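Colleague: I have not worked with this protein before. Could you take me through it step by step?

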Amino acid sequence: MAGAKRNGEIELLRFVFAMVVMFYHINNQLEIQPVNHVTFFSHGKIAVEFFFAVSGYLMAASAKRKYNTPDIVHETGQFMRKKFWSIFPYHIICFAVAFVLVLRFSHFPSTRHMINTALSSLPNLFLVQNSGMYQRNILTPEWYITAMLWMMLLLYPLLLRFKEKFSQLAAPLICVVLVGYLIHVQGKLGGTTRFVFNETVPKIYVRAFAEMCGGIFGYEIVQALKRLKLKLPVRLLLTGVEALCFIVPIAYACCDWSEKYEGYAFYFLLGGVILCFSEVSVFCKLFNNPVVYYLGRLSLPIYYTHRLPLILYRIDEVSAIRPRNLVLLTVAVTLVLSVLLTPVSKLLMKPIHRKIERLHNREVTV
C-alpha cells in the first residue's frame with residue numbers, strides 16, 4: 001500500500017487503524033458494555049474508511065505515472081498483478097490456518113455440515129465473498145481486501161483513460177453522491193452483507209468505490225497544496241486541523257453515537273489523509289524513521305491475523321477468561337503472529353516468484 005517514498009504519518013496511522021479494526025472485532029465477540037456512553041471501539045469499523053481513502057490516493061499516484069501508456073489493458077493487468085501478489089501470501093496462509101481452526105473447534109452435528117462449511121467458504125478463498133454467493137466467511141475482515149481489489153480493477157483503467165477528467169471532476173462527484181446515498185438509504189456506511197440499488201449490488205463494492213474516489217480526488221488536492229509555500233503560522237494551524245481530523249473519528253469509534261454519523265467520520269478521515277500526504281504538519285518529518293515504517297508494514301499482517309485468535313473464543317476454556325485478560329491475550333497473540341507472518345509469507349513466495357519470473361522470461365524470449 002505504500003509508495004516508493006514512504007510517508008511516516010500514514011505508516012503510523014495504518015498501524016493505529018489496523019489495531020482499531022482488531023479492537024472493533026474483539027468488542028463484537030465479547031459484547032463489552034459501554035460505561036457512561038464510552039464503548040470499546042463499538043464504531044471501530046470506521047477505520048476501514050481510512051484504508052479505502054489511502055488506497056484511492058496511492059492508486060491515483062500510481063496511475064499518474066502511467067498516463068501516457070499506449071496499452072491501458074496491459075498496464076491495468078500489471079498493476080493488479082502486483083497488488084494481488086502483495087496480498088496473496090497473507091491471504092492463503094491465514095485462510096488455511098483459519099479454515100483448520102474452524103473445522104477443529106466448531107461443533108458440527110454431522111459430516112454433511114462440515115462439507116457444507118468447506119464448500120460455502122470457497123467465495124472467501126477466491127476473494128469473491130459478499131458478492132451474493134452462498135457463503136461462510138472464514139476470514140471475516142477480508143471483505144475489505146476483496147472490495148478494494150475489485151474496485152481497483154474498475155477504477156485504474158478509468159484513471160488511465162480519462163486522466164484528470166476523472167480524478168478532478170468525476171471522482172469527487174461520485175464520492176459525495178454515493179456516500180450520501182448509502183447514509184440516506186441505509187442510515188450508515190457500514191454493513192458488509194447488505195445490497196443496494198434495489199438489492200442488486202453488494203454494498204461493500206459501492207462503499208469501496210465511493211471512498212476510493214474520495215482518495216483519488218484527495219491526490220489532486222495534495223498536488224495543489226504541495227505547490228503552495230505555506231508560512232509557519234499556517235502550517236501550525238494545519239497541524240492542529242490534521243490532528244483533529246483523526247481525533248474526531250477515533251473518539252467516535254469509542255462512543256455510542258448513532259451510525260448515521262459515519263459519513264462525517266469518513267470525511268474527517270479523508271481530510272486527515274490529504275493533510276498527511278501534503279506534509280504540511282510541522283511534525284511530519286519526525287515520523288519518517290525505521291520504527292514507524294516497520295509498524296506500517298505490520299498493518300496488513302495485523303488485519304489478517306487478528307481473526308485467528310478470535311476463532312478460539314468459541315472454546316469454553318478460552319471464553320471463560322476474564323474479558324480484560326482476553327483482550328490483552330488477543331492483542332499479544334495477534335502481534336506475535338503478525339511479526340512472524342511476513343517472513344513466512346516471503347519464504348512461501350520465493351519459489352512462486354521464481355516460477356513467474358521464468359514464465360515471464362520465456363514469454364519475452366518468444
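Predicted model: local features only at pLDDT ≥ 70, side-chain atom pairs only at ≥ 80, totals over all residues.

Colleague: Which residues have the most contacts inside the largest nonpolar core?

Modeller: They are Phe17, Phe50, Phe52, Met59, Tyr144 and Met212, in a core of 101 residues. Helix H2, residues 47–64, gives the largest share of this core, with 13 residues.

Colleague: Let us step back to the whole chain. How many helices and strands does the protein have?

Modeller: The protein has 14 helices and two strands. Its C-alpha atoms fill a box of roughly 65 × 65 × 45 Å, taken along the principal axes.

Colleague: What radius of gyration does the protein have, and what would a compact globule have?

Modeller: A compact globule with 366 residues would have a radius of gyration near 21 Å, and the protein has 21 Å, so the value agrees.

Colleague: What percentage of the residues is buried?

Modeller: Buried residues make up 49% of the 366 residues. The protein exposes about 18,600 Å², of which carbon and sulfur atoms supply 66%.

Colleague: And what share of the contacts joins residues at least 24 apart in sequence?

Modeller: The share is 78%, counted among contacts between residues at least 6 apart in sequence.

Colleague: Now the aromatic residues. How many aromatic pairs does the structure hold?

Modeller: The structure holds 24 aromatic pairs. One of them joins phenylalanine 40 and phenylalanine 41: the ring centres are 5.5 Å apart and the planes lie at 85°, so this pair is edge-to-face. Phenylalanine 40 is partly exposed, at 22% relative accessibility, whereas phenylalanine 41 is buried, at 14%.

Colleague: What about the rings of phenylalanine 79 and tyrosine 156?

Modeller: Those two rings are stacked, because their planes are at 5°, with centres 4.0 Å apart. The pair links distant parts of the chain, with phenylalanine 79 in helix H3 and tyrosine 156 in helix H6 (residues 143–162), 77 residues apart. Both phenylalanine 79 and tyrosine 156 are buried.

Colleague: Which residues do ring pairs link into a cluster?

Modeller: The cluster consists of Phe17, Phe50, Phe51, Phe52, Trp143, Tyr144, Phe246 and Tyr303.

Colleague: Where does the charged end of arginine 161 sit?

Modeller: The charged end of arginine 161 sits over the ring of phenylalanine 162, at 4.9 Å from the ring centre. In another case, lysine 163 lies over the face of tyrosine 67, 6.0 Å from the centre of the ring.

Colleague: Turning to glutamate 75, is this residue buried or exposed?

Modeller: Glutamate 75 counts as buried because its relative accessibility is 14%, and buried means under 20%. Glutamate 75 lies in helix H3, residues 72–105. Its contacts, not counting residues up to four places away in sequence, are Lys66, Thr69, Tyr156 and Leu160. Tyr156 is also the partner of phenylalanine 79 in the stacked pair.

Colleague: And asparagine 124, buried or exposed?

Modeller: Asparagine 124 is buried, at 0% relative accessibility. Asparagine 124 belongs to helix H5, residues 122–125. Neighbours within four places in sequence aside, asparagine 124 is in contact with His91, Phe95, Gln129, Asn137, Ile138, Leu139 and Glu142.

Colleague: One last topic, the loop between H1 and H2. What is the phi of asparagine 36?

Modeller: Asparagine 36 has a positive phi of about 55°, although it is not a glycine. Asparagine 36 is found in the loop between helix H1 (8–30) and H2, and is exposed, at 69% relative accessibility.

Colleague: How does histidine 37 look, in phi and in exposure?

Modeller: The phi of histidine 37 is near 70°, a positive value in a residue other than glycine. Histidine 37 is found in the loop between H1 and H2, and with a relative accessible area of 57% histidine 37 is exposed.

Note on methods: Residues numbered from 1 in each chain as written. Heavy atoms only, no water. Core = buried A, V, L, I, M, F, W, Y, C linked by side-chain atoms within 4.5 Å. Buried < 20%, exposed > 50% of the residue type's maximum accessible area, 1.4 Å probe, protein only. Helix = DSSP H or I, 4+ residues; strand = E, 2+ residues; numbered from the N terminus. Contact = heavy atoms within 4.5 Å. Phe/Tyr/Trp six-rings, centres within 6.5 Å; stacked < 30°, edge-to-face > 60°. Lys NZ or Arg CZ within 6 Å of the ring centre and 35° of its normal. Rg over C-alpha atoms; globule rule 2.2 N^0.38 Å. Areas by Shrake-Rupley, 256 points an atom, 1.4 Å probe, with all protein chains shown as cover.
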